[in-house]
Amino acid sequence: MPIPPLRRPTLRFMLAHPAHLIALGFGAGLAPRAPGTVGTLWAWAAFMLMQRWLSAAAIGWIILASLPIGWWACTVTARRMAITDPGAIVWDEVVGFWLVLWLVTPAGLLAQLVAFALFRLFDAAKPGPVAWADQLFKQRRATPATLSWGAAGFGILFDDLVAAFCTLLVIALFRGW
């Protein structure tokens, strides 16, 4: 018998497996409204803490390690929730925004706020290449028996990486102008 979809994860669900804890952004994904925005804010706060104690290279290694770990965590959590891209999974926002902040640093508070606004705009509105990336791994014709959860987990991350790229492109174009 298939597992019914879990539309709203709970604290108990999040604490039941390490993958859930990571995918749900250590609780940010439990926000009742705008969990993606809350996850991005959590990423910003965590990045500020990392900057206090870690070198830029160490942060880069953490971001790099967060990609396969996030793929695993998003795959496990989406499969358990029986939804290919649950809104409560915010690890994609975390890694995407860490990448943006890491590449624009050093940047003042205003520049970081602009980066936050651009990243949220690209992630939420999904213009152009972000929409393409979002659709690439949706598997619309798949049945529960034929669905590739690994591809779904990667797809959760991929559109946010494209949103990060678009954010960085706009910032680079603005700086070059």
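Student: What is the relative accessibility of L49, and how does L49 count on that basis?
Tutor: Residues count as buried under 20% relative accessible area, exposed over 50% and partly exposed in between (1.4 Å probe, protein chains only). At 46% relative accessibility, L49 counts as partly exposed.

Student: Which pLDDT do local features need in this model?
Tutor: Residues are numbered from 1 along each chain as its sequence is written, and side-chain values use heavy atoms, with hydrogens and water left out. The model is predicted: totals for chains, interfaces and linings use all residues, side-chain atom pairs count only at pLDDT 80 or more, and local features need pLDDT of at least 70.

Student: Which helix holds L49?
Tutor: Helices (H or I, at least four residues) and strands (E, at least two) are DSSP runs, numbered from the N terminus. L49 lies in the helix of residues 35-53, α3.

Student: What is the area of the nonpolar surface patch that includes L49?
Tutor: Patch residues have over 30% relative accessible area and no salt bridge; like charges are joined within 9 Å, and nonpolar side chains (Val, Leu, Ile, Met, Phe, Trp, Tyr) within 5 Å. Accessible areas come from the Shrake-Rupley method with a 1.4 Å probe, and for residues only the protein chains shown count as cover. L49, W53 and L54 make a nonpolar patch of about 350 Å².

Student: How many salt bridges does a search of the whole structure find?
Tutor: A salt bridge requires a side-chain nitrogen of Lys or Arg within 4 Å of a carboxyl oxygen of Asp or Glu. The number found in the whole structure is five.

Student: How far apart in sequence are the parts that K138 and D85 tie together?
Tutor: K138 and D85 form a salt bridge, with their closest N and O atoms 3.2 Å apart. K138 lies in the loop between α7 (129-136) and α8 (149-176) and D85 in the loop between α4 (56-81) and α5 (91-104), so the parts joined are separated in sequence by 53 residues.

Student: Which residues are linked in a network of salt bridges?
Tutor: D123 and R120 meet in a salt bridge (2.6 Å, N to O); they are three residues apart in helix α6 (residues 109-125), about one helical turn. D159 and K126 also meet in a salt bridge (3.0 Å, N to O). Because D159 lies in helix α8 and K126 in the loop between α6 and α7, this pair ties together parts 33 residues apart in sequence. The network links R120, D123, K126 and D159.

Student: What is the relative accessibility of D159?
Tutor: D123 is buried at 5%, and R120 is buried at 14%. D159 also counts as buried, with a relative accessibility of 1%.
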